Structure formats: structure tokens, C-alpha cells
Amino acid sequence: MKLADKVAIVTGGAQGMGRAISLRYAQEGASVVIADRNLEGAEAVAREISDADGKAVSVSVDVRDQGQVQRMVDTAVEHFGGLDILVNNAGVGKIIPFLDTTEADWNFMFDINCKGLLWCSQAAARQMITQGRGGKIVNLASQAGRRGEALVLAYCASKACVISMNQSMALALAPHKINVNAIAPGIVDTPFWDEVDRQFAALLNMEIGEPKRTFIQSIPLGRIEQPEDITGAAVFLASADADYITQQTLNVDGGNWPS
Ligand SMILES: NC(=O)c1ccc[n+]([C@@H]2O[C@H](COP(=O)([O-])OP(=O)(O)OC[C@H]3O[C@@H](n4cnc5c(N)ncnc54)[C@H](O)[C@@H]3O)[C@@H](O)[C@H]2O)c1
């Protein structure tokens with residue numbers, strides 16, 4: 001088991017990739033804090049892990065709220081005695097044409113995807129620095145952060161911001177032996193992409209499901225990504241195998257974006 005005796009927090013752990021990472025981390029021996037603003041969903045994932053003889057606890061958190069974020073880290077310490085891994089997975093997206101993008105849209109995406117990521121990383125890093133045994137932070141970026149898209153300006157910008165924050169945090173935390181790396185998924189079959197599909201369909205005058213089918217056609221590996229497809233990279237980047245890797249953003253996207 002690659003994460004034996006480690007303690008991990010996964011934000012947005014109630015569904016989609018956060019759920020898949022949480023289940024896989026527990027299988028690899030980690031104790032997992034499932035942190036989500038959807039407490040019912042987080043509790044269900046924690047139960048799934050406990051039922052399979054793993055260790056997990058759920059906590060309600062809105063990553064935009066620093067007080068709640070601190071309580072999330074305190075939960076890991078109280079239940080499992082410390083913190084070794086943070087996965088900044090909670091994120092939101094909205095498909096909006098450039099000229100229609102409002103301040104509310106911009107703030108919604110940047111507050112959760114970037115500011116929330118900063119608060120979670122600060123709180124986790126302070127705990128890891130106090131412990132003095134290093135740590136791992138894994139950030140969920142996106143292929144959207146690698147380039148612009150006419151209908152996706154704010155989300156693309158927020159994920160480019162995640163890639164930049166990933167670099168700065170890696171440099172700031174390197175002296176403390178805390179590795180900071182990111183994963184850039186492609187088109188992943190989660191509730192997130194169901195909503196993205198509906199929004200693209202409305203804007204492009206397509207049937208529901210058509211945007212997804214169209215985009216999938218250009219993926220070199222020939223199929224949509226499943227949440228489980230990113231769990232190998234998420235385990236690797238959180239494990240001792242990645243002790244000499246930091247500041248990187250790894251594409252896990254079926255070859256959809258080349259760099
Ligand atoms: N699905 C994709 O195609 C795709 C591709 C690339 C990157 N991503 C990114 O991967 C991450 C996970 O995506 P997903 O598809 O699993 O999403 P999802 O919508 O299925 O799940 C996201 C989870 O985050 C939680 N969340 C949202 N806002 C929160 C907040 N303020 N505080 C706490 N929890 C909050 C939600 O309740 C939900 O459980 C996101 O950061 C997303 O931007 C997704």
C-alpha cells in the first residue's frame with residue numbers, strides 16, 4: 001500500500017473525482033477526511049470507505065470560508081493525529097461567452113477554484129510545517145488551464161491560475177519538504193461535465209449529450225475519461241515515489257492536450 005499510515009484531506013470528496021480519489025486513497029492505506037459543502041454526499045463516501053474496512057470521516061466545508069477550512073484541518077488532526085496530504089479538488093465551472101461574463105460569474109469561479117484553494121493550502125501547510133515531517137499537496141487543474149476557449153474564459157483563467165499557484169506554492173513550501181503538484185484532467189465523466197454539456201448544448205443549439213459526444217471524438221485514446229482514470233496519478237503524487245517531484249502539472253487527459 002502506497003499511502004499506509006498517511007492522513008489525507010480531499011476537498012470536494014462527495015462526488016466525481018474527489019470521491020474516486022478518496023476511495024483509492026483509503027484502499028492505499030490512508031485515513032481520509034472527505035470535505036465537501038455537500039455533507040450528505042461526503043458522509044455517504046465516508047460510509048463506503050468504513051464499510052470496506054477503511055478509515056474515513058466526513059466534514060462540511062465551504063472552501064471559501066477560512067474558519068470552516070481551519071475546522072477541516074482540525075478534524076484531520078483530532079480524528080487521525082495529523083495531516084500528510086491535501087488534495088485541492090473542490091471546483092466549479094460555468095460555460096459563458098466572453099461578452100456575457102459577469103462579475104458574479106468571475107467571482108464564483110475564482111473564489112472557489114483559486115481563493116478556496118489558497119485558504120486550504122495555507123491551513124494544511126501550517127499544520128504540515130508544525131509537524132515537521134513534510135507533506136504532499138495535489139491540486140486539480142484542468143486542460144482548460146492550458147489554453148483559452150471562447151465560451152469558457154473565466155473557468156480557463158481560473159485553472160491557469162491554479163497552475164500558477166501550484167508553481168508558487170511549490171517554491172514556497174520546498175524548504176519544508178512539502179511537494180506541490182497538480183493534475184490536469186481532460187473531459188471527465190462526472191456530474192460536473194453533465195452540467196457543462198447542458199450549458200454548451202444551450203449555447204450551441206445542440207441536443208443534450210451532443211457536445212459531450214462531439215468533444216470525445218477528438219480524444220486520442222478514444223473514450224471519455226472516468227474519475228478512476230486520475231486516481232493513479234493522484235496516488236503517485238501523494239506518495240513517497242514523488243518525493244523529488246514538485247511544481248509540476250501532469251496532464252491525465254487521454255492525450256487530449258500535448259503539453
Ligand atoms: N469533470 C471534468 O471534466 C473536469 C476536467 C478537468 C478538471 N476538473 C476539475 O476537477 C475537480 C473535480 O471535478 P469533478 O468533475 O469531480 O466535479 P463535481 O462537480 O462532480 O464535484 C465537485 C465537488 O466539489 C464540491 N464543491 C464545490 N464547491 C465547493 C466549495 N465551495 N466548498 C467545498 N466543496 C465544494 C461539490 O459539492 C462536489 O462534491 C474540479 O476542480 C474541476 O474543476 C474537472
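**Aromatic pairs and the central strand**

Modeller: Five aromatic pairs occur in the structure (rings of Phe, Tyr and Trp, the last by its six-membered ring, with centres within 6.5 Å; planes under 30 degrees apart are stacked, over 60 edge-to-face, the rest tilted). W106 and F110 form a stacked pair, because their ring centres lie 4.1 Å apart and their planes meet at 15°. The model is predicted, so local features need pLDDT of at least 70 and side-chain atom pairs pLDDT 80 or more, while totals for chains, interfaces and linings use all residues. Numbering starts from 1 along each chain as its sequence is written, and side-chain values use heavy atoms, without hydrogens and water.

Both W106 and F110 belong to helix α4 (residues 103–131), where four residues, about one turn of the helix, separate them. Helices (H or I, at least four residues) and strands (E, at least two) are DSSP runs numbered from the N terminus. W106 is partly exposed at 34% relative accessibility, whereas F110, at 16%, is buried (buried is under 20% relative accessible area, exposed over 50%, partly exposed in between; 1.4 Å probe, protein chains only).

Y155 and F192 make a tilted pair, with 5.6 Å from centre to centre and 45° between the planes. Y155 comes from helix α5 (residues 153–173) and F192 from helix α6 (residues 191–204), so this pair ties together parts 37 residues apart in sequence. Elsewhere, W193, F200 and F215 are linked into a cluster by ring pairs.

Turning to the sheet, strand β4 (residues 85–88) directs I85 and V87 to one side and L86 and N88 to the other, and all are buried. In a regular strand, side chains alternate between the two faces of the sheet. Strand β1 (residues 7–11) runs parallel to β4 and is joined to that strand by three bridges (strands pair if DSSP finds at least two bridges between them). Across this pairing, I9 stands opposite L86. Strand β5 (residues 135–140) also runs parallel to β4, with four bridges joining the two, and here N88 stands opposite N139. Between β4 and β5 the chain passes through α4, and this β-α-β crossover is right-handed (with the strands pointing away from the viewer, the path from the first strand over the helix to the second runs clockwise).
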